[in-house]
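User: Hi! I'm new to reading protein models. Could you walk me through this one?
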Amino acid sequence: MWIFFAIGSSFFAGVTAVLAKCGIRKTDSDVATAIRTVVVLLFSWILVFLTGAEKGMAEISGRTFLFLILSGVSTGASWLCYFHALQKGDINRVVPIDKSSTVLTIVLALIFLGEGMSWKKALSVVLIGAGTLLMIALKAAEGEKKHTKGREWLMYAVLSAVFASLTSILGKVGIQGIDSNLGTAVRTTVVLFMAWIMVFAAGKEREVKKIEKGEFGFLILSGLSTGASWLCYYRALQEGPASVVVPIDKLSILVTILFSAVVFGEKLSKEAVFGLACMVIGTVCLAFQ
């Protein structure tokens, strides 16, 4: 039964980007992030109470709480940059860069945490890195429609990956001895405050009322999709082997690419298809090292 939850986790994670893209065609990405984070926050605290992790709140030390806040700020920055990138660029180029945060995390862990580098891990880094470069290559297939607006999307996509990597490192360094679901809920709370502070600081709060019903619905659905992915992922890990659950979840990029082709007509060049294959192989190698 756990295999279906693992597939469900990958599916919902994969369609999240597509649903979000549908919700930010006219809506400001900062406002969109703030709205969908409300939904994600509800799901994260549901997980906490479902697992009984709320009992650990009183045991969080000052140092751990500090790192939770820092990782939450990093997560918030990653989400804000990610949705900026989605709004300005093609999904099939933005998502691979975001997924490549795994490579940067490995490199940072090697430098700052002294974690080892096995040959399988090194091979995974090379494959994922090469695959990412191939997927974002400017050479498009003949007849491909380009939806990108300049190269601004690339900067935001890279920043999204950088902040996502910092989130992992901060978690590794300072968030120990605390239930992962509780840590996620606290971090998401920080993200919510950060997202809305960004909205009010930029004077965009009035744009909330201007959101079209259709786009608002897609934003809510993207938040629900993220929450559903988390619930399925936790259930799969609870019943199945992590060595199989993790790679299935990481392969959500395949779902995203498929739906982006169906919904937005985004086509992959031959180079991009080969790059996607490299990323998939690299992810599987990383999971089974």
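User: Is Glu152 buried or exposed, or something in between?
Analyst: Glu152 counts as partly exposed because its relative accessibility is 37%. Buried means under 20% relative accessible area, exposed means over 50%, and partly exposed is in between, using a 1.4 Å probe and protein chains only. Keep in mind that this is a predicted model: local features need pLDDT of at least 70, side-chain atom pairs count only at pLDDT 80 or more, and totals for chains, interfaces and linings use all residues. Residues are numbered from 1 along each chain as its sequence is written, and side-chain values use heavy atoms, with hydrogens and water left out.

User: Which side chain does Glu152 meet in a salt bridge?
Analyst: That's Lys88, at 3.7 Å from N to O. A salt bridge here is a side-chain nitrogen of Lys or Arg within 4 Å of a carboxyl oxygen of Asp or Glu. Glu152 lies in helix 7 (residues 152-174) and Lys88 in helix 3, so the pair ties together parts that are 64 residues apart in sequence. Helices are DSSP runs (H or I, at least four residues), numbered from the N terminus.

User: And how accessible is Lys88?
Analyst: Lys88 is partly exposed because its relative accessible area is 21%.

User: How many salt bridges are there?
Analyst: The count is five. One of them joins Lys204 and Asp28, with the closest N and O atoms 3.1 Å apart. Those two are 176 residues apart: Lys204 is in the loop between helix 8 (180-201) and helix 9 (213-239), and Asp28 is in the loop between helix 1 and helix 2 (29-51). Both Lys204 and Asp28 are buried.

User: Which residues form a network through shared partners?
Analyst: Asp28, Asp30 and Lys204 are joined into one network by such salt bridges.

User: New topic: which residues touch the most other members of the largest nonpolar core?
Analyst: Tyr82, Leu86 and Val94 do, in a core of 39 residues. A nonpolar core is a set of buried Ala, Val, Leu, Ile, Met, Phe, Trp, Tyr and Cys residues joined through side-chain atoms within 4.5 Å. Helix 3 (residues 62-88) gives the largest share of this core, five residues.

User: What is Val94 in contact with, beyond its neighbours within four places in sequence?
Analyst: Its partners are Tyr82, Ala85, Leu86, Gly89, Trp153 and Ala157. Contact means heavy atoms within 4.5 Å.

User: Last one: where is Val18, and is it buried or exposed?
Analyst: Val18 lies in helix 1 (residues 2-23). Val18 counts as buried because its relative accessibility is 5%.
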